[in-house]
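Subject: Structure handover and its pockets

Hello,

Here is the structure that I promised to pass on to you. Please open it first, and then read the notes on its pockets below.

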Amino acid sequence: MTRARGTDRRTSIVRAAFDVIAERGYRGTSLAAVADRVGLTQQGLMHYFPTKEDLLTAVLETRDEWDLLHFGRDSSAMTVNQLADLVDYNATRKGIVQTYTVLAADSVTDDHPARSYFHDRYARVRAGMTEMLERHRDELPPGSTPEQLAPLAIAVLDGLQLQWLLDPEQVDMSAGFRTFLTLLGIKPD
């Protein structure tokens, strides 16, 4: 029963962090604000998440789980249309995209708490993207392989997110991603 309560508390903290991030953005989110939202002291919250980065990593892991539930249980089975729909969905949640982008950049340092999360996530996403592109092998540019194009597709997605965050009036990440797919020879529905 104690473990279940702890899991429930962690879940409520992560959900509260989603709300605070959506309202205030990554930089405006503090452990104290999230703790207040769930009726804990900051020390009490730190029992579950010792640092802001630990909490934000949990938010990203939960986001990945929700995305897979909504857009497909297995990232390797995701279709091009589901991926394009995910890009559309991300355009509605700026705070989460901002958190992901900042933590991804910060995680390149050796001691960052989210480093292993991003390392493992990029490996999974590259594998899933490779499998998705494999299903379109006949449409891809001559001389290219799904293995070569997968990291480029991920770079386009991450780059579009960054540019959209900086200038949402000028950068339409949904249209940009669909244009990229067209350049690859893949026609989303």
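A pocket, on a 1 Å grid over the protein atoms alone, is an open set of points where a 1.4 Å probe fits, with protein on both sides within 12 Å along at least five of seven lines, and its lining residues have an atom within 4 Å of a point. This is a predicted model, in which local features need pLDDT of at least 70 and side-chain atom pairs count only at pLDDT 80 or more, while totals for chains, interfaces and linings use all residues. Residues are numbered from 1 along each chain as its sequence is written, and side-chain values use heavy atoms, with hydrogens and water left out.

The second largest pocket is lined by Arg10, Thr11, Val14, Arg15, Phe49, Ala58, Glu61, Thr62, Glu65 and Trp66. Two or more of these residues come from each of helix H1 (2–28) and H4 (helices are DSSP runs of H or I with at least four residues, numbered from the N terminus), and H4 gives the most, with 5 residues. By class, this lining divides into 4 nonpolar, 2 polar and 4 charged residues, where Ala, Val, Leu, Ile, Met, Phe, Trp, Tyr, Cys and Pro count as nonpolar, Asp, Glu, Lys and Arg as charged, and the others, Gly among them, as polar.

As for the largest pocket, H7 (115–134) supplies the largest share of its lining, 6 residues. The lining of the largest pocket has 14 nonpolar, 4 polar and 7 charged residues.

Best wishes
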